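The structure comes first, then what I looked up.

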Amino acid sequence: MEMRGITKTFPGVKALENVNLKVKEGEVHALCGENGAGKSTLMKVLSGVYPHGTYEGDILFKGNVCEFKDIKSSESLGIVIIHQELALIPYLSIAENIFLGNEQGARGVIDWNETNVKAKQLLSKVGLKESPGTLINTLGVGKQQLVEIAKALSKQVKLLILDEPTAALNEEDSENLLNLILTFKQQGISSIIISHKLNEIAKVADSITILRDGKTIETLDMKADEVTEDRIIKGMVGRDLTHRYPERVPNIGETIFEVKNWTVHHPQHLERKVIDNVDFHIRKGEIVGIAGLMGAGRTELAMSIFGRSYGRNISGQVFKDGKELHLRTISQAIDNGIAYVTEDRKHYGLVLIDDIKRNISMASLPKLSRRSVVNENEEIVVAESFRKKMNIKTPSVKQITGNLSGGNQQKVVLSKWIFSGPDVLILDEPTRGIDVGAKYEIYTIINQLASEGKGVLIISSELPEILGMCDRIYIMSEGRMTGEVSREEASQETLMKYMTKSRG
Amino acid sequence: MAALKSLFKNNMRQYSMIIALIVITLLFQILSDGILLKPLNVTNLIQQNSYILVLAIGMVLVIITGHIDLSVGSVAAFVGAISAIMMVDHGMPFWVALILSLLIGALVGAWQGFWIAYVRIPAFIVTLAGMLLFRGLTMVVLNGQSIAPFPKLFQKMSSGFLPDIDGSSSIHTLTVLIGVVLSLVTVVQEIRNRRAQLKYDFEVSPLPLFIAKLVGIVAVINVFTYVLAQYKGIPFILIILFALVVVYSFVMKKTVMGRHTYAIGGNEKAAKLSGIKTKRVTFWVFVNMGALAALSGLIYAARLNAATPKAGTNFELDAIAACFIGGASASGGIGTVLGAIIGGLVMGVMNNGMSLIGLGIDWQQGIKGLVLLLAVGFDIYNKNKSA
């Protein structure tokens with residue numbers, strides 16, 4: 001497969017400029033680049049989302065020039081794309097989803113036996129031990145991803161395109177998925193994988209193409225060249241990034257925030273303890289991390305503390321500056337100087353149809369108002385100052401947040417919470433789905449907050465991030481704290497050991 | 001010129017609505033041989049549409065929060081019926097009945113708001129139930145009969161006019177004066193806003209453009225009041241409407257409560273996690289809708305001078321259509337009070353104009369339906385183009 005001289009323009013922007021991409025048969029090809037570099041656009045061109053004629057350049061598949069009218073025509077050649085946001089229908093079964101739009105049967109009547117038998121075969125190929133009749137919404141994200149792949153296989157896939165396949169998966173599921181891609185490779189299925197996780201790319205890819213600002217920068221051969229993570233990053237950002245985590249001299253003071261005997265029950269299954277008797281504390285100017293596998297209860301812990309926004313039958317004590325707090329609602333938590341930056345900025349962090357300034361002011365409108373009347377001019381001034389301070393890349397604070405890239409959206413969410421004037425910030429996956437350059441900026445902001453004497457709690461699934469940023473690390477597993485290590489003692493291995501420690 | 005262009009582009013939606021209203025008005029003005037904009041007919045237009053416009057104001061709030069209210073027509077009928085029983089059967093003074101009626105409307109709103117905000121039953125279902133329930137209750141309290149006539153003072157609310165200061169001239173002097181005062185207030189307000197923006201070093205539209213805008217606004221206000229002055233002056237109902245529009249526009253644009261309402265419609269979960277009391281705001285939006293539905297019912301009863309079991313039928317549909325023609329988004333978070341009013345006027349002018357040129361009710365319905373579809377279609381087409 002080859003793409004030659006692809007140029008795609010949107011009104012006002014040149015998203016792709018003369019991009020070349022060559023994927024050999026039976027190889028795993030990684031596509032890297034910062035957010036907005038044009039990876040997804042390129043893949044949409046390849047899969048026919050943008051039909052022939054809306055871009056310049058040629059697509060060659062097995063030596064023939066292809067002119068895809070739509071996704072169907074690219075799929076008929078065996079090019080299948082799996083998008084970052086999974087396209088499964090939650091209330092249908094696995095089998096129904098696999099054969100959606102490709103129903104097994106004759107003359108519009110579905111043959112359910114055939115459907116289920118075929119689905120079963122496909123599921124065994126991807127190593128998913130579920131009955132084909134299981135509803136999608138009962139599966140976790142990792143398993144849903146496998147269903148998507150099974151769906152791709154059902155279309156006689158020759159070239160599988162995966163857009164950020166492991167972004168939402170935990171380490172174990174990611175591992176499975178990557179192995180699966182390697183198995184497919186042996187069966188002659190080529191893959192293109194878009195990922196921000198460089199260690200994964202290093203593991204599975206045979207060659208790497210790096211995009212930057214809509215242009216091909218280089219294609220690296222993993223076997224021939226000496227390719228390190230730093231080498232890839234250099235290609236992506238166009239400069240050497242010697243430190244992925246900014247330097248910082250911690251200046252740690254007294255305990256500012258403490259949680260004792262915190263127990264939370266599941267909102268529906270009341271008998272289930274999601275958080276079981278957890279203690280932790282944060283000191284002034286300290287960055288504390290919470291590591292754990294997905295489902296360990298980290299987000300639930302944070303949200304239950306943040307004005308009981310999660311869970312029921314919550315018991316335990318919260319202290320700030322030695323005084324006990326009773327935080328029954330989110331606004332009480334905010335008033336007491338606690339901020340929680342959600343892991344899912346699109347669904348829980350931003351009003352995507354609203355502009356930057358209104359999003360920044362949302363949690364602290366009373367600060368901008370007199371007798372409940374909002375001073376809109378003052379609001380613009382505040383938003384402008386955050387735009388400069390946080391380096392939010394946008395021409396105006398009147399820009400709609402839905403149009404911003406992930407990194408800039410995250411900066412808007414952070415601005416919102418910094419503007420609320422917190423003493424304690426809980427950051428849940430602060431750099432998820434953000435490119436390397438923006439990550440560095442966000443780390444710098446976090447360090448800045450700590451140096452101002454605030455207490456920062458980082459929840460992250462990326463161990464290098466936790467290790468690189470935190471002064472002290474708590475590890476959670478199955479709703480309990482299974483360990484606490486200092487920066488000096490911490491290593492990926494020790495964290496993993498505590499993270500997988502089960503109730504026995 | 002570039003400034004004008006960007007100004008137009010940024011306010012495309014708002015301007016296109018106003019332009020649509022002007023085009024429709026001119027079209028019927030020509031088709032009806034100039035009857036549409038005769039002073040008598042303009043006054044009629046206001047009085048005929050007032051109760052829908054009142055509903056549209058409440059409805060646009062409901063739609064901004066991402067809900068819908070199908071019950072307003074029935075609630076209006078129900079409150080109209082109760083007010084008739086209070087005033088006609090029991091001879092209660094008009095103002096006591098008025099306040100009690102509004103309270104009953106608010107209570108009805110609270111009832112529905114409770115199920116929607118706290119029990120989280122979809123508003124479509126709760127208010128569909130409310131539509132049936134309150135229509136039924138209307139028939140129960142009226143025993144299927146109409147009640148009439150209302151006290152004179154109450155009727156005045158819908159059909160009365162502001163008295164003139166001197167009764168002699170053929171022109172309603174007070175109305176003209178009010179127009180002048182109103183223009184002055186607007187001009188001062190606009191200049192103040194501009195000064196504040198300049199103080200903050202913000203970009204403002206160039207001075208000639210600003211002056212042209214002021215001249216335009218002043219002209220519109222004074223021509224309008226002058227037209228009204230040629231008949232009987234300003235109807236009482238216009239004052240009520242004007243006050244509602246000013247207050248609600250202000251609340252939605254400038255206050256914390258308004259901002260919270262938009263935020264909930266835009267993304268309820270994000271709003272909640274930002275400390276906004278989403279349930280409470282939603283609840284009060286429905287309480288408000290109930291009170292405005294009650295007001296609408298009172299205005300309608302006063303205009304008809306009777307409470308009937310069939311009052312308010314299909315009001316909800318007109319109010320909802322007004323909001324959507326006026327640019328509100330069905331998925332919430334977008335919409336303005338002024339937009340809803342303009343949408344309501346588009347419908348009102350069309351109703352009136354089509355009647356004037358002798359189109360039957362059958363065709364009127366069909367054409368209104370098409371206009372709703374086209375207006376929203378045009379909106380979505382524009383959005384896709386700009387995205």
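I call a residue buried if 20 or more other C-beta atoms lie within 10 Å of its own, exposed if 12 or fewer do, and partly exposed in between, with C-beta atoms placed from the backbone. Helices (H or I, at least four residues) and strands (E, at least two) are DSSP runs, numbered from the N terminus.

The model is predicted: local features need pLDDT of at least 70, side-chain atom pairs count only at pLDDT 80 or more, and totals for chains, interfaces and linings use all residues. Residues are numbered from 1 along each chain as its sequence is written, while chains are lettered from A and ligands numbered from 1 in the order in which they are written.

**Entry: a helix in chain A**

I checked helix α9 (residues 298–305) of chain A, where 8 of the 8 residues are buried, so this helix is largely enclosed by the rest of the structure. The buried residues include A:Arg298 and A:Glu300 as well as A:Leu301, A:Met303 and A:Ile305. After α9(A) comes A:Gly307, with a positive phi near 65°.

**Entry: A:Glu17**

I located A:Glu17 in strand β2 (residues 13–22) of chain A. Why does A:Glu17 count as partly exposed? It has 16 other C-beta atoms within 10 Å. Leaving out residues up to four places away in sequence, A:Glu17 touches A:Thr7, A:Gly214 and A:Lys215; contact means C-beta atoms, placed from the backbone, within 7 Å. From A:Glu17 to A:Glu452 I noted 44 Å, C-alpha to C-alpha, and 435 residues in sequence.

**Entry: domains of chain A**

I took the bounds from an automatic or database domain assignment: domain 1 (2–237) and domain 2 (255–499) of chain A. Their centres, taken over C-alpha atoms, are 33 Å apart. In the contact, 10 residues of domain 1 of chain A meet 11 residues of domain 2 of chain A. On the domain 1 side, helix α8 (residues 229–237) of chain A gives the most, with 3 residues. That side has 4 nonpolar, 4 polar and 2 charged residues. For these classes, Ala, Val, Leu, Ile, Met, Phe, Trp, Tyr, Cys and Pro are nonpolar, Asp, Glu, Lys and Arg are charged, and the others, Gly among them, are polar.

**Entry: chain B against chain A**

I found 21 residues from chain B and 25 residues from chain A in the contact. On the chain B side, α8 (173–199), α11 (256–266) and α12 (268–273) each supply at least two residues. Helix α11(B) gives the most, with 5 residues. The chain B side has 9 nonpolar, 7 polar and 5 charged residues.

**Entry: cores**

A nonpolar core here is a set of buried Ala, Val, Leu, Ile, Met, Phe, Trp, Tyr and Cys residues joined through C-beta atoms within 7 Å. The largest one has 166 residues, and B:Leu55, B:Ala56, B:Met59, B:Val60 and B:Cys323 have the most contacts inside it. Helix α13 (residues 278–304) of chain B gives the most to this core, with 17 residues. Another core, apart from this one, has 65 residues, among them A:Tyr55 and A:Leu146. I also listed the contacts of B:Ala56, including B:Ala319, B:Cys323 and B:Gly344, not counting residues up to four places away in sequence.

Conventions:
Two residues are in contact if their C-beta atoms, placed from the backbone, lie within 7 Å.
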